[in-house]
Amino acid sequence: MNVILKWKYKTPRGIQAWMTSDELPAHMAMLMAKDIEKTGRSLDLYFLDDRGMKWSLKEFEKFTSKKEESPSSVEIIFDGSYDKETGEAGCGAVIYFAEGRKKKRIRVNKALSYLENNNEAEYAALWTGLQELKEIKVDDTEIVIKGDSKVVISQLSGEWAVYEPLFTRWMDRIEDTLKELRLQPIYEFISRNDNKEAHRLAVQALKGTEIESVIELDE
């Protein structure tokens, strides 16, 4: 998270002027703010984030302290499997993230009925992964979203236009969730060979085996 630091500087003779920093990473802005306050010549110091939100030093210090405890370095890998004859689908998602110094992995899948095609199953798989982010309280961070569906990745990233109402509805759900959690997605298309874990989860769900697990990974 980057912010701008703003403060009013007051000289010993009472002359006042507003000062503005460059955009800085949160931890650097915090160090600068504390250094400025030590001079005893700053008034109305505050932080401004890229959404226009304004923070006092006390508020921002509390926010950054809480932020250090939140999950970070989040990556979702998703895949969907679809049976044309039954309309049944399996959705799989693997989530990697850091929690402090610990690195963790979530594996989750789900069986869904009455979907229309494989692309919808892919959208549903990503949706399944995003719901897990709510459970672990991911908030206000970048996330990397990987999948082997060229349609889903290209449409969500804005590279391809979306004409199908079915896909538009799924996109709205996904984008509403990203907005709710204040997440900044980075979309990455990967090969099927690099998506074996999520694919296996999707196939298992389609066959009736549902999984939800969290483990701590070895360094």
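Is lysine 104 buried or exposed? I looked this up before anything else. Lysine 104 counts as buried, because its relative accessibility is 18% and buried means under 20% relative accessible area, exposed over 50% and partly exposed in between (1.4 Å probe, protein chains only).

Notes on the source. I am reading a predicted model, in which local features need pLDDT of at least 70 and side-chain atom pairs count only at pLDDT 80 or more, while totals for chains, interfaces and linings use all residues. Residues are numbered from 1 along each chain as its sequence is written, and side-chain values use heavy atoms, with hydrogens and water left out.

Entry on the whole chain. I noted six helices and eleven strands in the protein chain; these are DSSP runs numbered from the N terminus (helices H or I, at least four residues; strands E, at least two). The radius of gyration is 22 Å, well over the 17 Å that the globule rule gives for 219 residues, so the chain is more spread out than a compact globule. That radius is taken over C-alpha atoms, and the rule is 2.2 Å times the number of residues to the power 0.38. The C-alpha trace spans about 80 × 45 × 25 Å along its principal axes. Of the 219 residues, 43% count as buried. I also looked at contacts (heavy atoms within 4.5 Å): among those between residues at least 6 apart in sequence, 68% join residues at least 24 apart.

Entry on strand 8. Lysine 104 is found in this strand, which covers residues 102–112. Its side chain makes a polar contact of 2.6 Å with the side chain of glutamate 99. I take a polar contact as a pair of N or O atoms within 3.5 Å; within protein, one must be able to donate a hydrogen and the other to accept it, and residues adjacent in sequence count only if both atoms are side-chain atoms. Leaving out residues up to four places away in sequence, lysine 104 touches several residues, among them Tyr96, Phe97 and Glu216. Arginine 105 lies in strand 8 too and is buried, with a relative accessible area of 17%. The side chain of arginine 105 has a polar contact of 3.1 Å with that of glutamate 197. With residues up to four places away again left out, the residues that arginine 105 touches include Val94, Ser213 and Val214.

Entry on strand 4. Aspartate 49 is in this strand and is buried, at a relative accessible area of 5%. Which residues does aspartate 49 touch, not counting those up to four places away in sequence? I found Met1, Asn2, Val3 and Trp55. The side chains of aspartate 49 and tryptophan 55 are joined by a polar contact of 3.3 Å. A polar atom of the aspartate 49 side chain lies 2.8 Å from the backbone nitrogen of methionine 53.

Entry on phi. Most residues other than glycine have a negative phi. Aspartate 44, in strand 4 (residues 42–49), has a positive phi near 55°. Arginine 182 also has a positive phi, about 55°, and is found in the loop between helix 5 (165–180) and strand 10 (183–189). Arginine 182 is partly exposed, at 25% relative accessible area.

Last entry. Lysine 84 is in the loop between strand 6 (72–83) and strand 7 (88–99) and counts as exposed at 76% relative accessibility.
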